[in-house]
Amino acid sequence: MSTAHRGELGGWQSRTTFVLALSASAVGLGNIWRFSYLAGENGGGPFVLTYLLCLVLVAVPVMIAEVVIGTHGRGSPPMAIRWTADRSMLSRGWMLLGVLACFTGLLVLCYYVVVAGWAVDYAWLMQAGEFGSASAADAGAIFGQLLEDPPRLIYWQSLFLLLVAAVVALGVRIGIGLVVWLLVPVMMVLLLVLVKFAFDNGDIAAAQEFLFSVKLIDFTPEAVLTALGQAFFTLGIGVGTGISYGAYAPERIPVGRSVMAVAIFDSVLTLLAGLAIFPLLFAHNMEPGMGVGLLFVGLPYAFGNSMQGEVFGTLFFVLVVVTALGSAIALMEPITTALMQRLRVRRIIAVLMVTAVVWLGGVVLAISFAPDGYIGPLAEGGPFRWLDRITSAVLLPVVALFTAVLVGWRLRPEILRVELYRESTLFFSLWRLLLRYIATPAIALMLVMALLAG
C-alpha cells in the first residue's frame, strides 16, 4: 500500500465526532438487557466492580490497540495492518488478521439485522396498541407468530438494512459522521425518559436489590469469567471497527483518553438501561433471566400493562433500533472499505456488494425460524444460534487475541509511541504492560474456556 493511498477513505475533523462514532458502535443490543441481567445473577455489586475492572484492564487496552493500528495505517483493517506490519519489518501475512476481522463483522451483521428487524416490528406493534392489557402468554404468542412469518421478518430487516446501507454509502463525513451526532444524543434522551417512566411505574426497591446488592454466594469464579466476557464484548472489539474509525480520527488526538471516554459512556448507558428495564419487570412479576425473551416477551407485557405503557414501549423499541443502527453501521463500514481498497471499486458498489450478501444471509436466518415446511433440518432457529455461538465464542476472541499479540508483542514500540504521543510516558508503559501481560492471557483463557464449554 503506497503512502499516497493512506487516508484516501476520508476522515473526521473533530475528536468529538470520533468519540461519538466509537460510542455509537460500542453500544449494542447486549447493552440494553444482558449486562443488568448478568449483574443480578452473578453477585450484584461485586460483579459490577469486577466488570469495570476487566473493562479497564482488558477491553480498553485492546480497543486502544485497534485504534492505534487505524491511526497509523489510515486504511481499511487489512491494509492498515499491512502498512503497520511493514513499518515493523513484519510479514504482510498479518493483513489476514484484518480480513478475518471483516469476515467476522460480516457474520455478526447477518444476524444483527435479523434482531434489529424484530425491534422495528415491535416498535410498530407497540404504537398500534397490540400489547394493551395483553397477558404474558399473549405476549409470548405474538413473538412466536413473528418468528413463524418469514415474509414479515424479511420485510422489516430489509428496511433496516437499507437504512444502514444508505448511511454507509454516504461516506465517512456526510454519512457516518453526521448520523452519529444524531444517534448518541437520541440514545441518551430516550434512556433518561425511560428511566423516569420506570421510576414512576416500576418497583425500584426490587430492581436495586437485584442489580446492586452484595450477594457473595452468587459471586463465583464463573462469575468473574462472565464479567470478563461482558467487558470484552461490550466495546465491539474484534470486527475491525476500532481500526476503521481510528483511520478516520483527526491527527494528534489523545487516543487513550478518547477510548476511555467511550468506555465510560458505554458503562453509564448500560447501567441506565438496567434502571429503565428491571423496575418494570419486577413490578409485573416477570422473570429477569429470559434472554432475548426479556426484550420481546417480558418487556412488551410490562409496557402493555402500564399506564401510558404503549407510548413508552414504542420509545423503548425505537431506542433498540437506534442502538442497533449505530452498531450495524460500524459493522458494515470496515467490510465496505476493505472491498474498496482491495477491488478498487467506488463506495456505492462496495456497499451494494456487502448489502447483497448480508441480505441473503439474513433471509436464510429469518426462514430458519419458520416451521419445518420451509427448510426442513435448518428450522427452529438453528443457524441463528450457531452463528451467534461461532462468532462470540471463537471468531471475536481469536481476532482480539491476535490483535493484542501483534500490537503488544510484535510492533515496534517507537511506532506505537508516535500514535500515543499525546499520552504520558507512564500511560504508554502501563498500556503496553496491560496489553501484553493481562489482556493477552485473559483473552486466551476466555477462548479456551469457551471452546471447552462448547
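This is a predicted model: local features need pLDDT of at least 70, side-chain atom pairs count only at pLDDT 80 or more; totals for chains, interfaces and linings use all residues.
Me: Are the axes of helix H11 and helix H14 roughly parallel or roughly perpendicular?
Reply: Helix H11 spans residues 241-248 and helix H14 spans residues 309-343. Their axes come within 9 Å and cross at roughly 75°. Angles of 65 to 115 degrees count as one class, so H11 relative to H14 is roughly perpendicular.

Me: Which residues of H11 make the contact with H14?
Reply: On the H14 side, the contact involves Ile329, Ala330, Leu331, Glu333, Pro334 and Thr337. By class, the contact has six nonpolar, three polar and one charged residues. The H11 side is made by Thr241, Ser244, Tyr245 and Tyr248.

Me: How many aromatic pairs does a search of the whole structure find, and what is the geometry of Tyr122 and Phe131?
Reply: The search finds 25 aromatic pairs. The ring centres of Tyr122 and Phe131 are 5.4 Å apart. Their planes lie at 35°, so this pair is tilted.

Me: Are Tyr122 and Phe131 buried or exposed?
Reply: The cut-off for burial is under 20% relative accessible area. Both Tyr122 and Phe131 are buried.

Me: What separates Tyr245 and Tyr248 along helix H11?
Reply: The rings of Tyr245 and Tyr248 have centres 6.4 Å apart and planes at 40°, so they form a tilted pair. Both residues are buried. Because they are three residues apart in H11, their separation is about one helical turn.

Me: Which residue lies over the face of Trp409?
Reply: The distance from this residue to the ring centre is 4.0 Å. The residue over the face of Trp409 is Arg436.

Conventions. Residues are numbered from 1 along each chain as its sequence is written. Side-chain values use heavy atoms; hydrogens and water are left out. Axes are lines fitted to C-alpha atoms, for helices over the stretch in contact, and angles run from 0 to 180 degrees between N-to-C directions. Helices (H or I, at least four residues) and strands (E, at least two) are DSSP runs, numbered from the N terminus. Angles under 35 degrees count as roughly parallel, over 145 as roughly antiparallel, 65 to 115 as roughly perpendicular and the rest as oblique. Contact means heavy atoms within 4.5 Å. Ala, Val, Leu, Ile, Met, Phe, Trp, Tyr, Cys and Pro count as nonpolar, Asp, Glu, Lys and Arg as charged, and the others, Gly among them, as polar. Rings of Phe, Tyr and Trp (its six-membered ring) pair if their centres lie within 6.5 Å; planes under 30 degrees apart count as stacked, over 60 as edge-to-face and the rest as tilted. Buried means under 20% relative accessible area, exposed over 50%, partly exposed in between (1.4 Å probe, protein chains only). A charge sits over a ring if NZ of Lys or CZ of Arg is within 6 Å of the ring centre and within 35 degrees of the ring normal.
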